[in-house]
Amino acid sequence: MDLIVTQALNGFVYGALLFLLASGLTLTFGLMGVVNLAHGSFFMLGSFFAVTAIKLTGNFWLALLLAPIPVVIFAVLMERFFLRPLYARDKLDPVLLTFGFSFIVTDLTEWAWGKEVLSIEEPRLLDDSIELLGGLFPLYRLALVGFVLLIALCMWFIIDRTRTGAMVRAGVDDAATAVGIGLNVPLLLTSNFACGAALAALAGVIAGPILGVYSGVDVEILIPAFIVIVIGGMGSLKGAFVGSLLIGEADTFGKTYLPDSAMFLIYLAMIIILLARPGGLFGQPPSER
Amino acid sequence: MTINLQNLGLTRRRFLRGTAGAAGALAFDGGFARVFAQSDSIRIGVFNTFTKAVALFGEATFRGIELYLAGTGRRLAGRNVEVIKEDDEFNPQVGLQKLRKLVESDKVHAVLGPLGSHIATAMIGYMKSSGTPWIVTGAGSTVLTKERIPAMYRASLTNWQVAHPMGTWAYYNAATEVVTVSSDFLAGHDIADSFKETFTKEGGKVLKEIFTPVGTNDFSAYLADIRSMNAPAVYGFMVGSEAGRFVRQFQQFGLKGRVKLLGFQSTLDSDTFPLQGNSAVGGLSTSIYCETLDTPENNAFVEVYEKKHKELPGIFSESGYTAMRIVDDAAKSIDGKVEDIAAWSAAIGKTNIKAPRGPVSFDPVTHQAIQNVYVREVIEHKGRIVNKVIATIPNVGDHPGNKA
Amino acid sequence: MMESPRVVADGRVDRWEYVALACLVVWPFLASHYASGLVSETFIFAIVVMSLDLLMGYSGLVSFGHAAFFGLGAYATVLLGVKFGLSPWIGALAGIALSAVASGLIGYFCVRMSGVAFFMLTLAFSQLLYSGAIKWRWLTAGSDGIGGMQRPDVLGVSLAHPVVMYFFALTSMVVCLYLLRRIIASQFGHALVGLRENETRMRSMGYRTLLLKLVAFVIAGTFAGVSGALYAIYTGFVSPDALSWGMSGMFLLMVVLGGAGSFLGPAIGAAVFLLMKHFVSSQTDHWLLIVGVIFVACVMFFRGGIYGLIDRIGGRRATP
């Protein structure tokens with residue numbers, strides 16, 4: 001029993017990181033119909049900027065605040081000048097563009113920070129382990145889960161209860177009509193993209209002490225995020241939440257009980273969902289965009 | 001009629017292709033470089049991993065090599081040395097491409113490396129047919145020295161050499177039940193098997209064999225699993241920053257103090273201590289080198305290393321350093337004529353030196369280095385985390401099965 | 001993004017292409033063995049990239065999982081050769097057959113989707129195979145890969161000799177290019193292009209569009225298998241990399257770089273990418289940056305890729 005609860009907690013931690021990524025990814029897809037293959041790059045950049053921020057300020061919390069800023073600026077520039085001209089075209093052109101950007105970012109990152117694995121230390125406040133179920137569990141990870149839950153709550157509140165949220169939902173449901181009723185869709189798209197980037201960067205910072213900081217983490221975290229949004233439903237925030245939970249737990253329990261087939265089964269699930277229920281658990285089928 | 005490029009058969013396209021090709025060819029041959037480089041120099045190809053988790057160890061090996069060369073004024077046996085560094089990215093496919101470049105384009109006189117056992121295995125066919133002298137500086141796959149490659153010498157360990165003594169030692173000094181955790185590639189399986197062989201022979205029981213995917217950085221799920229089994233000891237093999245994280249998380253999840261941490265040499269090494277801090281203290285490992293060995297050779301080496309890098313050397317720095325020394329000594333004995341591969345090879349085979357790690361010589365049949373294996377404990381000494389030798393097993397050779 | 005494909009209506013070969021071929025034939029006698037080896041590798045990749053062009057450029061199906069078939073071809077060749085001691089030729093034939101069957105199975109499901117869904121589904125299938133290759137060490141030795149396969153003989157001459165390998169690769173590429181062009185020039189090929197332009201219209205005209213797409217998928221997958229088998233013969237080694245989405249992405253990159261919808265464009269894309277990787281990477285570490293920038297430029301402005309650019313310089317209109 002203890003093992004199951006501990007593993008469930010571990011799954012929450014991974015799921016939390018995935019949620020931060022998947023939420024941005026899914027909303028970007030919902031609004032723009034674009035699968036952002038550079039989303040992992042935002043995550044990676046967040047963690048690297050955090051390393052630099054910590055080196056300069058010596059403070060984890062400051063880094064948490066500061067690191068997403070350059071990433072958001074980059075995202076806004078990318079969307080405004082490179083992505084936007086392509087919306088009118090073939091739906092896959094923007095996707096290919098983000099793919100190209102991911103290479104550029106990887107190279108620049110290695111240029112600026114090198115190719116070794118860097119680390120971010122847990123902040124001293126949280127650098128401890130607490131007694132849990134006859135063992136120890138790192139306080140930092142518990143705080144992480146709590147932090148992401150808070151963000152999830154805020155997101156839900158914004159999307160479900162505010163006008164901005166209503167605009168996003170309208171845009172996701174039907175962009176053409178949204179324009180027709182006077183919504184400033186371009187601004188909406190850019191802000192949505194920027195928020196997604198901010199969340200991804202934030203995830204990169206808080207993941208730093210757990211996963212390490214290195215070029216290549218962008219690719220490693222992107223594919224699970226894809227699986228999450230496919231299973232959860234592309235365009236659905238609820239789907240991103242549930243999906244992250246599912247994948248986080250599947251990954252963790254898989255490592256313990258099914259080390260040889262967990263990966264395979266997860267991809268099988270992804271395929272089945274894409275075929276049987278392309279809208280995922282909570283979203284809309286992608287072909288209807 | 002106006003001359004139209006079309007009529008000329010669109011020469012631009014093929015011109016571009018041809019020019020690119022020609023320029024490429026010259027570059028591939030390093031034609032330009034060759035013109036300016038001294039044809040008199042000895043070219044050493046350093047083939048290792050310089051990216052991601054294992055970069056830690058690759059860079060350490062390189063530091064060792066450079067340190068030795070700094071000591072000789074960048075000369076080997078009276079000739080200048082040109083070091084060409086290539087990164088295999090811990091990926092055999094990439095590695096093979098870079099290897100080809102080193103051997104065919106850079107025309108190195110010797111290849112030093114690699115780190116990954118799986119990379120070394122992938123290299124066998126190619127090195128056999130190319131015949132270029134190959135000094136292995138890290139990869140420990142036990143069966144490598146079963147292959148009879150005349151110009152290959154392994155100046156580092158075999159996984160069996162270091163892992164099997166731990167099996168015996170652990171049973172009598174640590175625990176009778178162990179969970180093994182290894183990185184899921186060739187070396188991981190090799191090491192787990194070698195440990196298991198001797199451990200179970202004494203009567204020990206391996207509760208579970210865990211293999212973590214290469215590149216794992218979050219071991220929480222595995223650590224929770226281990227704890228739930230109430231295992232008295234863990235035998236861990238990780239590389240580079242993976243090892244750093246594993247030991248650190250070992251402490252964070254409360255296993256330190258309850259579960260004995262036994263490791264392969266790379267899991268608890270000078271190069272991983274900066275990442276691990278005092279979470280490593282109390283860890284036990286077997287290794288072919290220990291930075292606190294109190295011998296004149298090691299003291300001299302450590303002094304020079306510490307002066308340059310402000311920290312203590314680990315197994316990989318020593319590995320690179322000693323490999324270069326072996327290469328140098330052998331080259332000196334044949335008056336620097338390293339182009340004579342057979343003579344150079346034979347000279348390397350006659351190596352019998354006192355390296356920082358202790359005595360090193362080569363098995364005449366398998367070309368494996370015969371050396372001491374030390375049982376080490378991690379302690380805190382004068383504010384520093386270091387390994388300390390608590391037992392020595394002298395002159396451990398190659399796996400008997402390799403001599404057949 | 002894809003320009004209207006440069007459909008060569010009757011499969012006729014341009015004069016300049018003969019000149020280019022002549023240059024390529026002469027090349028190995030001027031260049032080093034190492035350089036010839038690299039160009040051989042380029043020819044082999046050109047085949048898989050041209051096959052992806054059939055899907056992307058001519059049929060409008062952007063696949064992110066094409067490496068699945070490339071990898072299957074490679075794995076079958078090496079596995080049969082190393083584990084069962086069979087001749088690499090038998091392994092290659094088995095690999096090609098395997099890719100054909102797999103592309104039929106996978107294609108059956110994938111062609112029902114389009115756009116982003118197709119993209120994700122192809123990715124999922126190739127990742128499925130990748131996860132098997134990584135984890136089932138008893139079969140594939142996992143991430144270690146399997147190696148040690150010697151190059152076989154062809155017509156009594158050993159492919160171990162770099163020049164022989166070069167000509168073998170060159171011939172293979174030329175043959176594949178010829179076949180692909182004939183396919184596109186056929187009625188089937190024209191129907192494919194029509195499908196890309198306007199699927200609804202094609203359907204209303206009575207074409208069985210799903211079947212068309214499936215056949216295109218299988219043809220592309222089979223050629224990818226050929227390329228994979230050749231790659232296995234060339235390097236004597238295979239690892240899960242060959243099935244990875246990184247590999248699929250690289251193929252995509254080469255197609256866009258070179259210019260989709262022209263077969264030769266992607267082949268040039270492959271050449272540029274690989275030669276840049278080997279040539280530029282010895283001068284600077286930042287070849288990926290350069291490639292990325294060119295790629296982005298191609299997606300944004302030069303939709304015809306490098307081939308389209310050269311075409312324009314050469315005076316030929318990009319759109320027929």
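Here a residue is called buried under 20% relative accessible area, exposed over 50% and partly exposed in between (1.4 Å probe, protein chains only). The model is predicted, so local features need pLDDT of at least 70 and side-chain atom pairs count only at pLDDT 80 or more, while totals for chains, interfaces and linings use all residues. Residues are numbered from 1 along each chain as its sequence is written, chains are lettered from A and ligands numbered from 1 in the order in which they are written, and side-chain values use heavy atoms, with hydrogens and water left out.

Now to the rings. Those of Phe, Tyr and Trp (its six-membered ring) pair if their centres lie within 6.5 Å; planes under 30 degrees apart are stacked, over 60 edge-to-face and the rest tilted. Over all chains, this rule gives 50 aromatic pairs. One of them joins F42(A) and F74(A) edge-to-face, at 6.2 Å centre to centre with 75° between the planes. F42(A) belongs to helix 2 (residues 39-57) of chain A and F74(A) to helix 4 (residues 68-83), 32 residues apart; helices here are DSSP runs (H or I, at least four residues), numbered from the N terminus. F42(A) is buried at 0% relative accessibility, whereas F74(A), at 24%, is partly exposed.

F49(A) and W113(A) also pair edge-to-face, because their planes stand at 90°, with ring centres 5.3 Å apart. F49(A) lies in helix 2 and W113(A) in helix 5 (residues 92-113) of chain A, so this pair ties together parts 64 residues apart in sequence. Both are partly exposed, F49(A) at 26% and W113(A) at 22%.

Ring pairs also link F99(A), F103(A), F64(C), F119(C), W245(C) and F295(C) into a cluster.

Key:
Helices (H or I, at least four residues) and strands (E, at least two) are DSSP runs, numbered from the N terminus.
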